[in-house]
Amino acid sequence: MIFQDKTILVTGGTGSMGSTLVRRALANELGTPKKVIVFSRDEAKQHEMRMSYQHRREATDEVIFRNFMNVLEFRIGDVRSYPEICAAVRDADIVVNAAALKQVPTCEYFPEQAILTNCIGAANIVRAIQENQYPVETVIGISTDKACKPVNVMGMTKSLQERIFIAANILNPKTRFICVRYGNVLASRGSVIPLFLDQIRNGGPVTLTVPQMTRFLLSLDQAADTVFAALREAKPGETWVPRAPSATVQNIAQALIGRKPIKTSVTGIRPGEKMHEIMVSEEEAHHCVRRGEYLAILPMLPELRRDAAEANALRGEFSSADMVLDEKSTRELLAKHELVP
């Protein structure tokens, strides 16, 4: 089992995705890890996370000062800092890079900040392994459907992060660099569902950008399943994608509103948004194969392509407009994940 007796480093480990991966790793699904290191720059979130795992209501010096003796270890640091990344990566067998600036408007206003975290942060991980010959077995980059044919800064920087990790396989053959790419995660910070629920609690209206806009829908655990599947089976340079369903924003809103007397209003498409997200582009479809329940985008670099020919899994791009749930199915999906009030 891939985590057995391994040290796992999760950058951005206090975020929605990072904390889910930490929880799942500590559940010993892929073996019992030697250590799980949460690396992030948010002291408050680290403290909350530490306390929740210690099952204590009040902080004590004993909880904090036994940090490095526990299986779950917390480190303050920033992926932008090469020395801090070196200090963290040095001890790791598996690195999960979940650190990111992912709010679309924030990245549009501060593109250089998005570059520093999403691109330079990834490059620092690669550089640390390459320059210091750290014996890291696997690095997996957490990406997004917005990285596919990107129209906003967040997607552009995430697309570059994918390329940084994929190309890293060539000069670092002892380390496997892979990626996962998935869509909107249900109820994660910044997603549309918490916004809609807040508007509903306040009596509305629920604001829709464009009613027929579609988005892929994936739970945090399904996103983690994709990461774990790739860790188990992905070959160097591959990007794994889940075959997730999608829904219109109108059906998501109506499923959450139910029979409540709450109105909706249409605000129009926002800067940097697409009507439909794309998980696999038409160009990538030519080297996209099926791996069990998932799709794997093969690396385009010839040094990383394998001789064995595999049949393409797609005839064209994989878009959120392809498998759209109706309102009833959308409500059932949200209810399944306990998101319907």
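This is a predicted model: local features need pLDDT of at least 70, side-chain atom pairs count only at pLDDT 80 or more; totals for chains, interfaces and linings use all residues.
Visitor: How many residues of α10 are buried?

Guide: Of the 9 residues in α10, 7 are buried, and the helix is mostly covered. The buried ones are Val249, Asn251, Ile252, Ala253, Ala255, Leu256 and Ile257. A residue is called buried when its relative accessible area is under 20%.

Visitor: How do I describe two helices that pack together?

Guide: Two packed helices are described by the angle between their axes and by the distance between those axes. Here, take helix α8 (residues 192-201) and helix α10 (residues 249-257): their axes come within 10 Å and cross at roughly 45°. That angle makes α8 oblique to α10. The crossing of α8 past α10 is right-handed.

Visitor: Which residues make the contact between α8 and α10?

Guide: From α8 come Ile193, Phe196, Leu197 and Ile200, and from α10 come Val249, Ile252, Ala253, Leu256 and Ile257. The residues of this contact divide into 9 nonpolar, no polar and no charged. An α-helix has 3.6 residues a turn, so residues three or four places apart point the same way. Compare that with the numbers Ile193, Phe196, Leu197 and Ile200 on α8.

Visitor: What follows α10 in the chain?

Guide: Glycine 258 follows α10, and its phi is positive, near 65°.

Visitor: How should I read a positive phi in a residue that is not a glycine?

Guide: Most residues other than glycine have a negative phi, and most peptide bonds are trans. Glutamine 133 has a positive phi of about 50° although it is not a glycine. Glutamine 133 sits in the loop between α6 (111-132) and β5 (138-144), and at 68% relative accessibility it counts as exposed. Lysine 149 also has a positive phi, near 50°. Lysine 149 belongs to the loop between β5 and α7 (153-171), and with 41% relative accessibility it counts as partly exposed.

Visitor: Where is there a cis peptide bond?

Guide: Look at the bond from glycine 204 to proline 205, which is cis, with omega near 0°. Proline 205 is in the loop between α8 and β7.

Visitor: Now the charged side chains. What is the idea behind a salt bridge?

Guide: Side chains of opposite charge can pair when their charged atoms come close. This structure holds 22 salt bridges. One of them joins glutamate 29 to arginine 24, with the closest N and O atoms 2.3 Å apart.

Visitor: Are glutamate 29 and arginine 24 buried or partly exposed?

Guide: There is one of each kind. Glutamate 29 counts as partly exposed at 35% relative accessibility, whereas arginine 24 is buried, with a relative accessible area of 8%.

Visitor: Can you show me another pair?

Guide: Aspartate 42 and lysine 45 form a salt bridge, at 3.9 Å from N to O. The cut-off for a salt bridge is 4 Å, so this pair counts. Aspartate 42 is partly exposed, with a relative accessible area of 26%, and lysine 45 is partly exposed as well, at 32%.

Visitor: Which parts of the chain does the salt bridge of arginine 75 and aspartate 91 tie together?

Guide: Begin with the bridge itself: the closest N and O atoms of arginine 75 and aspartate 91 are 2.9 Å apart. Arginine 75 lies in strand β3 (residues 72-76) and aspartate 91 in the loop between α4 (82-89) and β4 (94-97), so the bridge ties together parts 16 residues apart in sequence. Arginine 75 is buried, with a relative accessible area of 17%, while aspartate 91 is partly exposed, at 34%.

Visitor: What is aspartate 93 in contact with, leaving aside its neighbours within four places in sequence?

Guide: Aspartate 93 is in contact with Asp5, Lys6, Thr7, Val136, Glu137 and Thr138. Aspartate 93 is found in the loop between α4 and β4. The C-alpha atoms of aspartate 93 and phenylalanine 196 are separated by 40 Å, and the two residues are 103 residues apart along the chain.

Technical notes: Residues are numbered from 1 along each chain as its sequence is written. Side-chain values use heavy atoms; hydrogens and water are left out. A salt bridge is a side-chain nitrogen of Lys or Arg within 4 Å of a carboxyl oxygen of Asp or Glu. Buried means under 20% relative accessible area, exposed over 50%, partly exposed in between (1.4 Å probe, protein chains only). Helices (H or I, at least four residues) and strands (E, at least two) are DSSP runs, numbered from the N terminus. Axes are lines fitted to C-alpha atoms, for helices over the stretch in contact, and angles run from 0 to 180 degrees between N-to-C directions. Angles under 35 degrees count as roughly parallel, over 145 as roughly antiparallel, 65 to 115 as roughly perpendicular and the rest as oblique. A crossing is left-handed if the near helix is turned anticlockwise from the far one by less than a right angle, and right-handed if clockwise. Contact means heavy atoms within 4.5 Å. Ala, Val, Leu, Ile, Met, Phe, Trp, Tyr, Cys and Pro count as nonpolar, Asp, Glu, Lys and Arg as charged, and the others, Gly among them, as polar.
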